[in-house]
Amino acid sequence: MVESPLPSSSVSCTPAETRQATRARGKIWIDLENSPHVPFFAPIIEELEKCSYATVLTARDCFQVRELADLFHLNYRLVGRHSGKSKVLKVAGLCLRALQLIPMILKEKPDLAVSHCSRAQLVVSACLGIPCVQMGDYEFASGWSFIRPTWQMCPEVISNAAIPFDANRIRKYPGIKEDVYVPRFVPEPGIRRQLGLREEDLVVTIRPPANEAHYHNPESDDLLEAAVEFLSKKPDVKLVALPRNKRQETRLRKQWPDLFSSGTMRVPEQVVDGLNLIWHSDFVISGGGTMNREAAALGVPVYSIFRGKIGAVDRYLSEKGRLMLVENVHDMQAKIQVIRRNRPAMPERVDGITLKSIVEQIVAITDWERSVLNRVIERPN
């Protein structure tokens with residue numbers, strides 16, 4: 001049995017002025033399948049390239065991944081798109097995207113594949129024999145027993161017992177994944193004016209549940225409806241909805257036409273920086289994990305209407321008082337405080353230990369896998 005590597009205690013990076021003349025220490029393929037992956041991987045890619053690792057970046061055209069990748073000025077190749085809610089279409093779309101990725105990845109020959117639960121990357125890595133790191137922060141996401149990644153990485157608050165995987169191949173990082181990019185956030189004024197909002201408005205950002213996800217619970221939709229009905233009756237409250245796709249936007253407009261026509265509810269006409277919107281909101285109500293945790297990381301009051309199995313990260317944030325779990329309609333009035341937030345000029349700064357830990361471990365795994373491959377190649381027949 002091959003001993004698994006320990007992450008390096010530090011990362012040795014090449015000085016900026018000589019980096020371009022230095023041969024890459026390795027090549028890492030990163031795949032973006034969902035919109036939260038874009039802000040998460042942007043600083044990781046930057047740090048890896050500072051350390052002289054070449055990166056190959058692919059993206060799926062769905063849930064504003066392409067628009068966000070453009071917003072972050074990422075150099076990516078667009079491959080595949082979302083295939084819909086049907087399980088049959090999802091499987092067909094997954095197989096098609098994997099087939100589309102294979103020729104490009106064969107040409108690139110990466111040393112390591114890294115993603116935040118990209119199934120297409122997992123399939124391609126298994127087919128081509130590429131070591132694969134799957135990152136995740138929700139232990140109840142459904143996995144496959146017949147295709148497994150080489151490594152898994154998750155927050156420290158998720159216990160090994162909750163992950164059906166070889167403990168020697170699990171790597172942990174401190175904090176939550178949002179701590180990778182939130183510390184770099186700098187608020188930009190003007191977003192309220194851009195959205196037609198006044199400074200005196202009480203702004204609530206609302207994120208509908210991921211109703212196409214396998215873990216979706218219809219109770220979340222009921223809570224979303226109750227939240228909109230409850231808040232729309234409050235004076236000076238303006239609701240900014242961030243639907244996940246056009247279908248959700250159409251559904252919102254059909255369900256609450258009067259709120260849209262009166263300006264009580266609105267959907268941004270173009271892609272906005274989610275962190276900036278959260279920061280300039282008085283509180284957030286979301287049926288999705290990433291926006292909940294982004295608000296918690298920024299210190300903005302946030303109420304979760306997610307009704308699937310509550311993961312370790314959300315339980316941790318709830319116990320720390322950084323996230324409020326809304327479990328039923330009664331909780332709307334009992335828990336939600338409809339008050340303006342005293343917004344400081346800047347969010348409280350935290351150290352960059354989460355980003356540093358993740359980059360160091362990706363580097364350590366890449367170097368380990370390259371050394372294993374070299375020993376195999378050099379081994380005499």
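## Terms and model

Two strands pair if DSSP finds at least two bridges between them. Strands themselves are DSSP runs of type E with at least two residues, while helices are runs of H or I with at least four, and both are numbered from the N terminus. Strand S8 (residues 202-207) and strand S11 (residues 283-286) pair in this way: they run parallel and are joined by four bridges.

This is a predicted model, where local features need pLDDT of at least 70, side-chain atom pairs count only at pLDDT 80 or more, and totals for chains, interfaces and linings use all residues. Residues are numbered from 1 along each chain as its sequence is written, and side-chain values use heavy atoms, with hydrogens and water left out.

## The whole chain

The protein chain holds 14 helices and 13 strands. Of its 381 residues, 54% are buried. Buried means under 20% relative accessible area, exposed means over 50%, and partly exposed lies in between (1.4 Å probe, protein chains only).

The chain exposes about 18700 Å², and carbon and sulfur atoms supply 52% of that area. Accessible areas come from the Shrake-Rupley method with a 1.4 Å probe; for residues, only the protein chains shown count as cover. Now take contacts, meaning heavy atoms within 4.5 Å. Among contacts with a separation of 6 or more, 66% join residues 24 or more positions apart.

Strand S1 (residues 26-32) is mostly covered, with six of its seven residues buried. Seven bridges pair S1 with strand S2 (residues 53-61) in the parallel sense. Trp29 stands opposite Val56 in S2. S1 also runs parallel to strand S4 (residues 112-115), joined by four bridges. Here Ile28 stands opposite Leu112, and Ile30 has Val114 as its bridge partner.

In a regular strand the side chains alternate between the two faces of the sheet. S4 is covered on both faces: Leu112 and Val114 are buried on one side, Ala113 and Ser115 on the other. S4 runs parallel to strand S5 (residues 132-135), with three bridges between them. Val114 stands opposite Val133 in S5.

## Helix H2 and the crossovers

Helix H2 (residues 37-50) has 14 residues. From first C-alpha to last it reaches 20 Å, close to the 20 Å expected at 1.5 Å a residue. The expected span is 1.5 Å times one less than the number of residues. Eleven of the 14 residues in H2 are buried, including Phe40, Phe41, Ile44 and Leu48. After H2 comes Ser52, whose phi is positive, near 70°.

S1, H2 and S2 make a right-handed β-α-β unit. S4, helix H5 (residues 119-128) and S5 make a right-handed unit too. A crossover is right-handed if, with the strands pointing away from the viewer, the path from the first strand over the helix to the second runs clockwise.

## The six-stranded sheet

Another open sheet has six strands, ordered S10-S9-S8-S11-S12-S13, with parallel pairing. Strand S10 (265-266) and strand S13 (324-325) stand at the edges. Each has a single partner strand, so one side of each lacks a neighbour in the sheet.

## Leu317

Leu317 lies in helix H12 (residues 312-319). Leu317 counts as buried because its relative accessibility is 0%. Leaving out residues up to four places away in sequence, Leu317 touches Ile176, Arg293, Ala296, Arg322 and Leu323. Leu317 and Ala296 are 21 residues apart in sequence and 7.5 Å apart in space, C-alpha to C-alpha.
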